[in-house]
Amino acid sequence: MGRSGRFEGFDPADVRDLIAEFPLAWVCAPCGDTETASLLPLLGEFSDAGELTHLFGHMSRGNPLCERLGKDPEVLILFQGPQAYISPTHAGRRDWAPTWNYAQLRIAARVTFLPDETPLALLSLVSAMEGGLDHPWDVAELGDRYVPMQGAIIAFRAEVTVLSGKFKLGQDEEVETLQNIFETLPDQATVRWMRRFNAKRLA
């Protein structure tokens, strides 16, 4: 799936975990109208081999993107994963240039609206986001308001046609520099992903 460059190498599990941890993505229609770009939470759907095949979500029927995709279903979806500014102070080296570490996915996809699956889209997202909480919220707690609210939104599934990514997470740094960053960088999500992408070198 990933390309052979130093920062473009990744596997299906990296895609799955990035989307699960950072589900809010830019969904953009391929045109110059800024109103047809929206931040939307999306859930990944995967093949038996673990490859991302679809993204499942919902949007407001009043979103300009909804009307735009009714005419042309092609979209660009952008996920931003962990990201952090890395200072020479973090690296423990004054002869070292600052950098920014990050992970991203760029996905071309084709959207199909699925009004009958709107309740499923809502339940799936709530389950994914509330599942780790001590006292997860349930849609039934909305009472009579829940069904009318569904009428204002519509579910969609985006079929993935092209996927590329970049995981710039310290693969080019010396091990000693990495260890300094791990000890001093406040952003623990970035540290965790840096450890993941340098695990073999750190073993």
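Which side chains meet in a salt bridge at 2.9 Å, N to O? They are those of Asp17 and Arg196, a salt bridge being a side-chain nitrogen of Lys or Arg within 4 Å of a carboxyl oxygen of Asp or Glu. Asp17 sits in helix H1 and Arg196 in helix H7, so this pair ties together parts that are 179 residues apart in sequence. A search of the whole structure finds 11 salt bridges.

A word on the model before going on. It is predicted, with local features needing pLDDT of at least 70 and side-chain atom pairs counting only at pLDDT 80 or more, while totals for chains, interfaces and linings use all residues. Residues are numbered from 1 along each chain as its sequence is written, and side-chain values use heavy atoms, leaving out hydrogens and water.

Now look at the two helices themselves. H1 covers residues 12-21 and H7 residues 188-197; they pack at an angle of about 175 degrees, with their axes 13 Å apart. H1 and H7 are therefore roughly antiparallel to each other (angles over 145 degrees count as such). In this contact (heavy atoms within 4.5 Å), Ala13, Asp14, Asp17, Leu18 and Glu21 of H1 meet Ala189, Arg192, Trp193, Arg196 and Phe197 of H7. These residues divide into 5 nonpolar, no polar and 5 charged.

Elsewhere, Leu24, Trp26, Leu39, Leu76 and Leu78 make a nonpolar surface patch of about 430 Å². Such patches take residues with over 30% relative accessible area and no salt bridge, nonpolar side chains being joined within 5 Å; the areas come from the Shrake-Rupley method with a 1.4 Å probe. Strand S1 (24-28) and strand S5 (74-86) each give two or more residues to the patch, and Leu24 is found in S1.

How values were computed: Axes fitted to C-alpha atoms, helices over the stretch in contact; angles between N-to-C directions. Helix = DSSP H or I, 4+ residues; strand = E, 2+ residues; numbered from the N terminus. Parallel < 35°, antiparallel > 145°, perpendicular 65-115°, else oblique. Nonpolar A, V, L, I, M, F, W, Y, C, P; charged D, E, K, R; others polar. Patch = residues over 30% accessible without salt bridge, like charges linked within 9 Å, V, L, I, M, F, W, Y side chains within 5 Å.
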